[in-house]
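Here's a quick walk through a two-chain model, written for someone who likes to know the cut-offs. Have a look at the structure first, then read on.

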Amino acid sequence: MNKLLPFLTLCFALLLSSFVTRPTADGYKVGDKATDFKLKNIDGKMVSLADNKAAKGYIVVFTCNTCPFAQAYESRIVALNTKYAPLGYPVVAINPNDPAVAPGDSYAAMQSKKYAFPYLQDESQEVAKTYGATRTPHLFILTRQGNDFVVSYIGAIDDNSEDAKLVKTKYVENAMTEILAGKAATTNSTKAIGCGIKWRRA
Amino acid sequence: MSRLKFLLLSVFLLLAAPGFAQQVTVIRFPELQKRLSRPTDTTYVVNFWATWCAPCVKELPGFELVRATYASRKVKVLLVNLDYASQLDKKVKPFVKHRGLKSEVLLLNESDPNDWVGKVDPKWSGALPFTLIINNKTKQRAAFERELSPTELTAALRKFL
């Protein structure tokens with residue numbers, strides 16, 4: 001018994017620590033309902049997912065001006081909107097970086113982008129935290145279910161950041177093909193190298 | 001004659017010493033995985049970084065400090081670079097030389113992170129910088145998907161020693 005007690009205490013402590021340290025940091029998983037947000041677009045207007053009644057879903061991408069990987073993927077993000085906005089899945093780009101850490105990601109600097117889709121500033125970084133975004137670019141496909149939006153894919157755009165011509169697997173396009181056919185994405189979550197989000201310093 | 005030998009040796013050493021510090025070995029993921037799974041009692045401090053990643057560049061001196069401080073202990077610092085292999089001569093080697101990095105630098109030449117990021121650590125999403133501290137003998141493991149200050153890094157490593 002006197003050997004078991006410390007062991008049980010340890011087990012309990014481990015169990016407790018897993019609750020204390022994990023939940024908020026983990027963000028969404030595929031199948032989770034995404035909460036709506038209200039963020040300022042570069043045109044000054046506030047944007048929410050609920051605004052676009054015609055949207056069947058969204059391609060939400062956390063991206064920025066400054067990260068070389070975000071830059072490498074910029075034209076591919078634009079191409080995703082060109083392809084999927086007419087099919088009911090427009091792109092919504094969100095810049096989560098703290099401009100105090102990355103001055104090139106300030107609201108003023110974001111004005112240099114002229115996209116056909118919203119480019120929103122996540123000033124409080126709450127949306128990125130809620131989604132569990134960790135890097136730029138980090139992409140989430142949302143699918144409408146009634147008035148809700150459900151996370152259907154999380155991860156990378158494709159398998160080659162350096163050269164779009166050398167891409168073998170287009171993760172997002174493959175997922176979209178299945179989602180548009182009313183199916184769940186076979187590969188619904190992928191990993192990619194990217195720039196860690198520039199979180200506000202405490 | 002022996003003087004000539006000495007001279008030659010000196011010249012050779014002078015040429016070789018800085019050359020060693022600047023070496024960057026290009027490897028594929030299975031080789032890295034093999035290296036990190038060896039049953040050794042050496043504690044590995046593995047930092048994943050890139051020259052284009054500002055917080056990575058900022059924290060590099062901390063890893064160099066750890067390498068120097070624990071040089072007599074069984075601690076090995078591995079700097080795994082994630083620039084593209086095409087940038088080896090243009091960017092990575094000049095960077096390593098300019099910064100005078102003494103830790104071992106490996107350039108991981110893989111195009112699809114989805115194939116390997118999860119094998120390094122299931123919880124790593126792929127954001128840089130990322131640091132792994134492992135000891136296969138004691139089966140200890142710590143992972144950090146964020147920038148570490150020299151103090152944080154030393155504190156994390158001390159738990160292994």
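## A buried charged pair in chain A

Both D158(A) and R76(A) are buried, where buried means under 20% relative accessible area, exposed means over 50% and partly exposed is what falls in between, with a 1.4 Å probe and protein chains only. Their side chains meet in a salt bridge, with N to O at 2.9 Å; the term calls for a side-chain nitrogen of Lys or Arg within 4 Å of a carboxyl oxygen of Asp or Glu. This pair ties distant parts of the chain together: D158(A) sits in the loop between β9 (148-155) and α6 (171-180) of chain A, R76(A) in helix α3 of chain A, and they are 82 residues apart. Helices (H or I, at least four residues) and strands (E, at least two) are DSSP runs, numbered from the N terminus.

A word on ground rules: this is a predicted model, in which local features need pLDDT of at least 70 and side-chain atom pairs count only at pLDDT 80 or more, while totals for chains, interfaces and linings use all residues. Residues are numbered from 1 along each chain as its sequence is written, chains are lettered from A and ligands numbered from 1 in the order in which they are written, and side-chain values use heavy atoms, leaving out hydrogens and water.

## A covered strand

Strand β5 (residues 91-95) of chain A is mostly covered, with five of its five residues buried. In a regular strand, side chains alternate between the two faces of the sheet. Here both faces of β5(A) are covered: V91(A), A93(A) and N95(A) are buried on one side, and V92(A) and I94(A) on the other.

What about its pairing? Strand β4 (residues 57-62) of chain A runs parallel to β5(A), and four bridges join them; strands count as paired if DSSP finds at least two bridges between them.

## Where the chains meet

On the interface, 21 residues of chain A are in contact with 22 residues of chain B, contact being heavy atoms within 4.5 Å. The two chains bury about 1700 Å² between them, 52% of it on carbon and sulfur atoms; buried area is the accessible area (1.4 Å probe) that two parts lose on being put together, summed over both. E162(A), K191(A) and I193(A) supply 40% of the area that chain A buries against chain B, more than any other three residues.

How many salt bridges are there between chain A and chain B? The count is one, and K123(B) and D26(A) meet in a salt bridge at 3.7 Å, N to O. There are also 13 residue pairs in polar contact across the interface, both residues being at pLDDT 80 or more. A polar contact is a pair of N or O atoms within 3.5 Å; within protein, one must be able to donate a hydrogen and the other to accept it, and residues adjacent in sequence count only if both atoms are side-chain atoms.

On the side of chain A that touches chain B, the elements giving two or more residues are α3 (68-84) and β10 (194-196) of chain A. β10(A) gives the most, with three residues. Two bridges also join β10(A) to strand β5 (residues 127-128) of chain B, running parallel, and G194(A) has A127(B) as its bridge partner in β5(B).

Chain B has six helices and seven strands. Of its 161 residues, 46% count as buried. Among contacts in chain B between residues at least 6 apart in sequence, 70% join residues at least 24 apart.

The structure holds 15 salt bridges over all chains. In one of them, K74(B) and D41(B) meet at 2.9 Å, N to O. K74(B), in the loop between α3 and β3 (75-81) of chain B, and D41(B), in the loop between α2 (29-36) and β2 (43-49) of chain B, are 33 residues apart. K74(B) counts as partly exposed because its relative accessibility is 48%, and D41(B) is partly exposed at 32%.

D89(B) and K93(B) form another salt bridge, with the closest N and O atoms 3.3 Å apart. They are four residues apart in helix α4 (residues 88-99) of chain B, so about one helical turn separates them.
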